[in-house]
Amino acid sequence: MFFIFTSITLEGQNKTKQDSPKSLGVSVSPAHFHFNQQQGEIKTYNITVKNITSSPKDFKVNIYDFDMNGKGKSSFLPAGKGKYSLSKWMNISPTFIELEPFKTKKVKVTVSVPSDDNGRKAAWSILMIEQEAPRSNLVNTRKDGNTVAFGIVPTFAFGIFAYQNPPNVLTNNIEFKEFKFLENETVNKLLIEVQNQGDGIAYCTSYI
């Protein structure tokens, strides 16, 4: 499986004059969510899925948690297992959609932030729109039975990162823990280590 965050082009053989590679494909919007809900607040948002191809598409909709390491790399976890799990506060409907050619459907995402202290901290998860493709039976053309066959069905998926950053976080401090220049025979590196000491999400940009 691989994740795609923008629309993709699925070109067909029977295109009309009005069709172009840019207009044929499957798209999902928005690309990400940035919630800013108060404690105890409940809101519903929409995900729009468009099938701009000449063939039907099926998708299942799931929520996963993810953790981020110190270098910004994500590791995915089952829903509810992340330390800052937003999936525990989310509900999606429907969880499976069938899209006819050139049709659009919406998936509703409801976020219910707890009214207690649990809702005071930041949380995040990822929503996955994953294609479901039919699997055909494999035909063995050899009669001796001494063959092994396997099939690969290519599918695609869209990942929508969702972040909840409450407006009433108590602490929102950033501290530089390390700032040094590393030298060796082949590569020189500038190492900057920054720690978020707060209970909210800090958005930073680094540049030289």
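1. Asn165 is buried in this predicted model, because its relative accessible area is 14% and the cut-off for buried is under 20%.

2. Leaving aside residues up to four places away in sequence, Asn165 is in contact with Phe35, Asn36, Ala122, Gly200, Ile201 and Tyr203.

3. Side chains of opposite charge can pair when their charged atoms come close. The model has four salt bridges.

4. Lys43 and Glu41 form a salt bridge through their side chains, with an N to O distance of 3.8 Å. Lys43 is partly exposed at 38% relative accessible area. Glu41 is also partly exposed, with a relative accessibility of 24%.

5. Lys177 pairs with Glu175 in a salt bridge, N to O 3.7 Å. The relative accessible area of Lys177 is 40%, which makes this residue partly exposed. For Glu175 the value is 30%, again partly exposed.

6. Asp117 and Arg120 make a salt bridge at 4.0 Å, N to O. The cut-off is within 4 Å, and the pair is counted as listed. Asp117 is exposed, because its relative accessible area of 60% is over 50%. Arg120, at 23% relative accessibility, is partly exposed.

Technical notes: Residues numbered from 1 in each chain as written. Predicted model: local features only at pLDDT ≥ 70, side-chain atom pairs only at ≥ 80, totals over all residues. Heavy atoms only, no water. Buried < 20%, exposed > 50% of the residue type's maximum accessible area, 1.4 Å probe, protein only. Contact = heavy atoms within 4.5 Å.
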